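Welcome to a short tour. Open your viewer, get ready to select residues, and follow along stop by stop.

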Amino acid sequence: MLNFRTVNITTIILLAGLCITGYFTPVPLWFFSVIVIGWLLMTIIGSFFIKYNYHVKSLLSNREVSGNRIAITFDDGPHPQFTPEILELLRQSGAKATFFCIGKHIEAHPDLFRKIIDGGHSVGNHTYSHSGYFGFFSSKKVARELEKTNRVVKELTGLNMRLYRPAYGVTNPHIRKALKVTGLHSVGWSKRSLDTTALDTETVLKRVTTGLKKGDIILLHDTSAKTVTVLERLLSFMQERNMQSVTVDSLFNIKAYA
């Protein structure tokens, strides 16, 4: 399996091989360019697509899970309007989910955050600021963000979160180092809804339900009316097929809190 370490080692070996060859016979410069560009492309793709586990090994799905169980996850909340609507839909269906919350949003809506936990759902770390520049933060700055959100939740609920959802699904060496420092475990997904894009409700629902099978992790965001509509129809779809929505920690039989 390709990852950042093996690609780096391979690139260094190839460049060294060209340098050695160049000592005996001329080597065109574009040979070096092709190798460097190939390394750059693989690193960029690996950084933006969490499913490749390129920089960080994330939980993506669990096909070995017993029963017809699936994990629905929500990012970017809690949201004062849409999170309560989502919690009510989950309650009515007897479904459980995992909410990866932003630290500053937890501080703004502490009662709503407690309501998520009181509903039997799990919560995880989704950074403190969810900055658009998060992928460019140093490892120390990433660690400070994650520790700050964990501290907010600890003071509010007494829980010490262990699960982390990378902002925008972006990973890199700095984030890998920060996770090692904080002891958080990265959680990705196997079904990306793209519910925050301009796609309509029908298209988003189709992306999630097509090929849906046990062990999948679904990525949604509790930040829009569109997602509320998608969730309502998704829960009906799952009930018709005897699928059960559980928390991520239940899907993998791991602990959500230390």
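Start by selecting threonine 127, which sits in the loop between strand S3 (122-125) and helix H6 (139-157). Helices (H or I, at least four residues) and strands (E, at least two) are DSSP runs, numbered from the N terminus. Before you go on, note that this is a predicted model, where local features need pLDDT of at least 70, side-chain atom pairs count only at pLDDT 80 or more, and totals for chains, interfaces and linings use all residues. Residues are numbered from 1 along each chain as its sequence is written, and side-chain values use heavy atoms, with hydrogens and water left out.

**Stop one: two positive phi values**

Stay with threonine 127: its phi is near 75°, a positive value in a residue other than glycine. Is threonine 127 buried or exposed? Threonine 127 is buried, because its relative accessible area is 0% (buried means under 20%, exposed over 50%, partly exposed in between, with a 1.4 Å probe and protein chains only).

Now jump to asparagine 253, in the segment after helix H10 (248-252). Here too phi is positive in a residue other than glycine, near 55°. Asparagine 253 has a relative accessible area of 72%, so it counts as exposed.

**Stop two: a cis peptide bond**

Select glycine 77 and proline 78, which are joined by a cis peptide bond with omega of about 0°. Proline 78 belongs to the loop between strand S1 (69-75) and helix H3 (82-93).

**Stop three: the largest pocket**

Rolling a probe the size of a water molecule over the atoms shows where empty space is left. On a 1 Å grid over the protein atoms alone, a pocket is an open set of points where a 1.4 Å probe fits, with protein on both sides within 12 Å along at least five of seven lines; lining residues have an atom within 4 Å of a point. A volume is the space filled by probe spheres set on the points, which are joined across faces, edges and corners.

The largest pocket has a volume of about 270 Å³. Select Phe48, Gly135, Phe136, Val170 and Asn172, the closest to its centre of the 17 lining residues. Helix H2 (29-48) and helix H7 (173-182) each give two or more residues to this lining, and H2 has the largest share, with six. The lining holds 10 nonpolar, seven polar and no charged residues (Ala, Val, Leu, Ile, Met, Phe, Trp, Tyr, Cys and Pro count as nonpolar, Asp, Glu, Lys and Arg as charged, and the others, Gly among them, as polar).

**Last stop: the second largest pocket**

Finish at the second largest pocket, with a volume of about 190 Å³. Its lining includes Phe48, Trp189 and Arg207.
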